[in-house]
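Dear colleague,

I am passing on the structure below, together with notes on what came out of the analysis.

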Amino acid sequence: MVQVNQYIDFNGKLLLVKRIFPEHKLNPHFDVNVMREWTRTDILLKKEGHLYCCEIIEEAEIISEERLG
């Protein structure tokens, strides 16, 4: 497992890559929901023999000083 903090653009969404696991070190029948909960991430992606555990970066919302009160 590698813990990283890099960003990728995936299908028009900005993702923060939090962890990368080599697929060969994972149980072939692991539960994706458990993996997402354990890594505290929103989405899992596979590429070139690695599993990327990512968090979706939500778009920023402008808040005026008046609303901050």
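**Salt bridges**

The count comes to two salt bridges, a salt bridge being a side-chain nitrogen of Lys or Arg within 4 Å of a carboxyl oxygen of Asp or Glu. Before going through them, please note that this is a predicted model, in which local features need pLDDT of at least 70 and side-chain atom pairs count only at pLDDT 80 or more, while totals for chains, interfaces and linings use all residues. Residues are numbered from 1 along each chain as its sequence is written, and side-chain values use heavy atoms, with hydrogens and water left out.

One of the salt bridges is between the side chains of Lys 18 and Glu 55, at 3.2 Å from N to O. Lys 18 lies in strand 2 and Glu 55 in strand 4, so this pair ties together parts of the chain that are 37 residues apart in sequence; helices (H or I, at least four residues) and strands (E, at least two) are DSSP runs, numbered from the N terminus. Lys 18 counts as partly exposed because its relative accessibility is 23%, and Glu 55 is likewise partly exposed, with a relative accessible area of 27%; the classes are buried for under 20% relative accessible area, exposed for over 50%, and partly exposed in between (1.4 Å probe, protein chains only).

Glu 23 forms a salt bridge with Lys 46, and here the closest N and O atoms are 3.5 Å apart. Since Glu 23 lies in the loop between strand 2 and helix 1 and Lys 46 in strand 3, the pair ties together parts that are 23 residues apart in sequence. Glu 23 counts as partly exposed at 30% relative accessibility, whereas Lys 46, with a relative accessible area of 58%, is exposed.

**Fold and strand pairing**

The protein chain has two helices and four strands, and along the sequence these follow the pattern β-β-α-β-β-α. Strand 2 (residues 13-22) runs antiparallel to strand 4 (residues 50-56), and seven bridges join them; two strands are taken to pair if DSSP finds at least two bridges between them. Within this pairing, Val 17 has Cys 54 in strand 4 as its bridge partner.

Strand 4 also pairs with strand 3 (residues 43-47), again in the antiparallel sense, over five bridges, and there the bridge partner of Leu 45 is Tyr 52 in strand 4. Strand 3 and strand 4 form a hairpin with two residues between them, and Glu 48 in the turn has a positive phi of about 50°. Glu 48 is exposed, with a relative accessible area of 71%.

A positive phi of about 50° also occurs at Asn 11, although Asn 11 is not a glycine. Asn 11 is placed in the loop between strand 1 and strand 2, and it counts as exposed at 68% relative accessibility.

**Aromatic pair**

How many aromatic pairs does a search of the whole structure find? The search finds one, where rings of Phe, Tyr and Trp (its six-membered ring) pair if their centres lie within 6.5 Å, and planes under 30 degrees apart count as stacked, over 60 as edge-to-face and the rest as tilted. The pair is formed by Phe 21 and Trp 38 and is tilted, with 5.9 Å centre to centre and 40° between the planes. It links distant parts of the chain, with Phe 21 in strand 2 and Trp 38 in helix 1 (residues 32-39), 17 residues apart. Phe 21 is buried, with a relative accessible area of 7%, whereas Trp 38 counts as exposed at 53% relative accessibility.

**Surface and contacts**

The accessible surface of the protein chain comes to about 5800 Å², of which 49% belongs to carbon and sulfur atoms; these areas come from the Shrake-Rupley method with a 1.4 Å probe, and for residues only the protein chains shown count as cover. Of the 69 residues of the protein chain, 25% count as buried. Among contacts with a separation of 6 or more, 39% are accounted for by residues 24 or more positions apart, contact meaning heavy atoms within 4.5 Å.

With regards
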